Structures are given as C-alpha cells and as structure tokens.
Amino acid sequence: MNNRKCPSCGAEMELSLSNKCLICPFCDTHIDVEIQDDGNTGMLDENMFDFLWDLDNLKQYENVIAVLDSMRYCLNSLKTAERVSQYIRTALLTDEDVASEGINQNRIDKIMPKIAGLIEPGERIIVYGDDGILSRGKEFFVITDKRSIFVNGKKTGSVLHREISAVRLDPNGGYPRWKLNNQDSFAVTGIGNKYRLQGAIAALICIIAAEQHGGREKIKLL
Ligand SMILES: [Zn+2]
C-alpha cells in the first residue's frame, strides 16, 4: 500500500500522515485510501530529534499535515541537504513569489542589496520566499546553505543553521509557521500556501543543522 506509482507523473507516492490518502511528492496528486491508523511510529529519526510535539493536536489541520508529510519525505527518503535542495528546486518552486539561484533570479537580484552584507562569498541561496508587502514594509525570508535570513520592513534577523537547536511548528489555526529556535522573528511561513515547500525547508534546515554541527544534541521539535 505504501508503494504506488503516481498516475500523473510516475513518481513513487507516499502515505499521508493523515492515513487518508497517498500523495505524490512531485506533483501533489492525492488519491483517497482507507488505512487503519498505524500510530505514526517511525515518523522521523529519533537519533536526530527530540519529539515534544503533540501530534494529535497538529494533525487537526490539513495544512499542517501537508507540511509534516513533506518534511517526513525529505528527511526519510531524500536524507541529504543536496537532494532536498534539488527536490525544492525541481518540484516545489512553482511561482513567482519563490526563487532559488537561477530560478526567478530577478527576484533575488532585487533583494541582494538588502542581504549582501549578511552572507559570505560562495554561500548558496536555496530558497527566497516573498511574503509580500505588509504594513511594516516588505517581508521575505532567504534560506542559504548556511543560514536563514528574515527581513521584515526595516528589521533584519539572521540565524546560522548550525546554531539551531529547537524548531517549533506553530499550527497557527491551520496557517502553520516554523519558528527557528522558537523565536517569533525567525518564522518560515507557507508563502502563498506552499505547504510542501514549507515542510521541505524545515527538513533542509534540520539536515544542515545536523551536518554542520557534529556531535551536537538532538534538535527539539516543539
Ligand atoms: Zn506525481
């Protein structure tokens, strides 16, 4: 039941955490199925994470399930930062409000003056996400292979992935936000309802955190 080819694109489909459907990680095709609850054992690697989640609470929200399904796929099936970055670039950047090096590059060129002083030569921009123009000014985030940068009007914050020790998944009434190190100012949103992208970004950050900080403690999932 876990193995089934996507009728649209031929990729391997995955069982959703909701136990109600199979999902294609590449084209987001859903197929309804009836599966007995498996208790969600083996969801993520317990050597990498400390689970402080209330999964039953999180699973109330369809968008949160989409985030978790995508995170689980990236961590359990793709496993490396390189492959997750590749998945993000080939399957999940489908709109003008998101960008990566060489994809909607003009969006990155525009904000480069704002972040150039925060990144090192050779650092790769993997995701740029544009939240639009809010009351405080333009809001966006940039995820590189080393850090996450959050710009909110005139305020700019940055955190190195190797310094991330906790990640909170705030269900926020079904509009989930990832809070890096549980800080409100380091929030990765679901830009334009791209919840699979949001889950893949969380996986990428956790993988880089683990890769760049050898012998570290587990990452707390709050
Ligand atoms: Zn597909």
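Is Leu44 buried or exposed? Leu44 is buried, with a relative accessible area of 6%. Here "buried" means under 20% relative accessible area, "exposed" means over 50%, and "partly exposed" covers what lies in between, using a 1.4 Å probe and protein chains only. Keep this residue in mind while we look at the rest of the protein.

## Before we start

This is a predicted model, in which local features need pLDDT of at least 70 and side-chain atom pairs count only at pLDDT 80 or more, while totals for chains, interfaces and linings use all residues. Residues are numbered from 1 along each chain as its sequence is written, and side-chain values use heavy atoms, with hydrogens and water left out.

## The whole protein

The protein has five helices and 13 strands. Both are DSSP runs numbered from the N terminus: helices are H or I runs of at least four residues, and strands are E runs of at least two. The radius of gyration is 17 Å, close to the 17 Å that the globule rule gives for 222 residues, so the protein is as compact as a globular protein of that length. That radius is taken over C-alpha atoms, and the rule is 2.2 Å times the number of residues to the power 0.38. Along its principal axes, the C-alpha trace spans about 50 × 40 × 35 Å.

What share of the 222 residues counts as buried? The answer is 51%. The accessible surface comes to about 10900 Å², and 45% of it belongs to carbon and sulfur atoms. Such areas come from the Shrake-Rupley method with a 1.4 Å probe; for residues, only the protein chains shown count as cover.

Contacts, meaning heavy atoms within 4.5 Å, tell us how the chain meets itself. Among the contacts with a separation of 6 or more, 51% are between residues 24 or more positions apart.

Leu44 sits in the loop between strand E3 (30-32) and strand E4 (49-51). Its contacts, not counting residues up to four places away in sequence, include Phe49, Phe51, Trp53, Met71 and Leu221. Leu44 and Tyr73 are 29 residues apart in sequence, and their C-alpha atoms are 9.4 Å apart in space.

Val84 belongs to helix H3 (residues 81-92). With 0% relative accessibility, Val84 counts as buried. Leaving out residues up to four places away in sequence, Val84 touches Cys74, Leu78, Ala200, Leu204 and Ile207. Its C-alpha atom is 24 Å from that of Asn19, which is 65 residues away along the chain.

Ala66 is part of helix H2 (residues 62-78). Beyond residues up to four places away in sequence, Ala66 touches Tyr195 and Arg196. The C-alpha atoms of Ala66 and Lys194 are separated by 9.2 Å, although these two are 128 residues apart along the chain.

Arg124 lies in the loop between H4 and strand E6 (125-134). Apart from neighbours within four places in sequence, Arg124 is in contact with Glu82, Glu101, Ile143, Thr144 and Asp145. Arg124 and Ile143 are 19 residues apart in sequence and 8.6 Å apart in space, C-alpha to C-alpha.

## Two asparagines with positive phi

Asn104 has a phi near 50 degrees, a positive value in a residue other than glycine. It is found in the loop between strand E5 (98-99) and helix H4 (105-115). Asn182 also has a positive phi, of about 60 degrees, and is not a glycine. Its place is in the loop between strand E11 (177-180) and strand E12 (187-189).

| Residue | Relative accessible area |
|---|---|
| Asn104 | 23% |
| Arg124 | 30% |
| Asn182 | 34% |

## The cysteines

A disulfide is a covalent bond between the sulfur atoms of two cysteines. Here it is counted as a pair of cysteine sulfur atoms within 2.5 Å. How many disulfides does the structure hold? It holds zero. Cys21 counts as buried at 9% relative accessibility, and Cys6 is buried with a relative accessible area of 4%.
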